[in-house]
Amino acid sequence: MAEVKDPGDGVQIDLISAERMDGLTSMEKIRMILDGVREGNIVILEEGLSPDEESRLIEVTMTEISPDEFNGIEIETHPRSETADASFLDRLMGKESTKKLTVIGPANQIETLHKDETLIQTLVSRK
C-alpha cells in the first residue's frame with residue numbers, strides 16, 4: 001500500500017476492494033489488515049471477512065498486543081441486507097454472507113459512536 005508522506009497530516013484510510021482480497025489466503029488478509037492498522041491506518045473492507053477469518057484476526061491481534069507499541073484493534077461490521085445477499089437455501093442452511101462493510105482501526109484511535117442497520121458512525125482521532 002502507498003504510504004502517506006507525513007503521518008502528521010491526518011489519518012490514512014485504506015479502502016480495500018473485494019477484488020483485491022479475492023486472491024489472498026485467510027492469513028494474507030489478516031496480515032494485510034494488521035500491518036495497516038499497526039501503522040495507524042483505518043482499514044475499510046468492501047467485503048468483510050468470514051466468521052472464521054474474523055475470529056482468527058482477533059486471535060492474531062491478541063498475540064501482538066504490547067502496552068507500548070500496539071493496543072489492539074477496534075472492528076465494526078455492517079451487514080448488508082441478508083435477503084439481497086443470500087439465496088433462500090443459503091439462509092435456511094445458516095450460510096453467512098461475507099458481503100458486508102467492515103471498518104478496522106487501532107483501538108486507541110477509533111471509537112464507534114453509533115451503529116444500526118444502515119449506518120456505522122465512528123470517531124477517528126490522531127494518537
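A salt bridge here is a side-chain nitrogen of Lys or Arg within 4 Å of a carboxyl oxygen of Asp or Glu. The model is predicted: local features need pLDDT of at least 70, side-chain atom pairs count only at pLDDT 80 or more, and totals for chains, interfaces and linings use all residues. Residues are numbered from 1 along each chain as its sequence is written, and side-chain values use heavy atoms, with hydrogens and water left out.

**View 1. E76 and K115 pair across two strands.** The side chains of E76 and K115 form a salt bridge at 3.3 Å, N to O. E76 belongs to strand β3 (residues 73-79) and K115 to strand β5 (residues 110-115), so that distant parts of the chain, 39 residues apart, are linked. Strands (E, at least two residues) and helices (H or I, at least four) are DSSP runs, numbered from the N terminus. E76 is buried at 16% relative accessibility, whereas K115 is partly exposed at 41%. Buried means under 20% relative accessible area, exposed over 50%, and partly exposed in between (1.4 Å probe, protein chains only).

View 2. By the salt-bridge rule, the count comes to seven. One of them joins the side chains of E64 and R31 at 2.8 Å, N to O. This pair links helix α3, which holds E64, to helix α2, which holds R31, across 33 residues. E64 also forms a salt bridge with R38, at 3.1 Å, N to O. R38 lies in helix α2 and E64 in helix α3, so this pair ties together parts that are 26 residues apart in sequence. E64 is buried, with a relative accessible area of 18%. R31 is partly exposed at 29%, and R38 is partly exposed at 34%. A network of salt bridges links R31, D35, R38, E64 and E69.

**View 3. Helix α2 from end to end.** Helix α2 spans residues 26-38, 13 residues in total. Its reach from first C-alpha to last is 18 Å, close to the 18 Å expected at 1.5 Å a residue. The expected span is 1.5 Å times one less than the number of residues. Buried positions in α2 are K29, I30, M32, I33, L34, G36 and V37. G40 follows α2 and has a positive phi, near 95 degrees.

**View 4. T61 inside helix α3.** T61 sits in helix α3 (residues 51-64). T61 is buried, with a relative accessible area of 2%. A polar atom of the T61 side chain lies 2.7 Å from the backbone oxygen of L57. Leaving aside neighbours within four places in sequence, T61 is in contact (heavy atoms within 4.5 Å) with L34, F70, G72 and I73.

**View 5. Q12 and its polar partner.** Q12 lies in the segment before β1 (13-16). Q12 is buried at 14% relative accessibility. The side chains of Q12 and D14 make a polar contact at 2.8 Å. A polar contact is a pair of N or O atoms within 3.5 Å; within protein, one must be able to donate a hydrogen and the other to accept it, and residues adjacent in sequence count only if both atoms are side-chain atoms.

**View 6. A nonpolar surface patch.** V11, I13, L15 and V124 make a nonpolar surface patch of about 340 Å². Patches are made of residues with over 30% relative accessible area and no salt bridge; nonpolar side chains (Val, Leu, Ile, Met, Phe, Trp, Tyr) are joined within 5 Å, like charges within 9 Å. Areas come from the Shrake-Rupley method with a 1.4 Å probe; for residues, only the protein chains shown count as cover. V124 is found in strand β6 (residues 120-124) and is partly exposed, at 34% relative accessible area.
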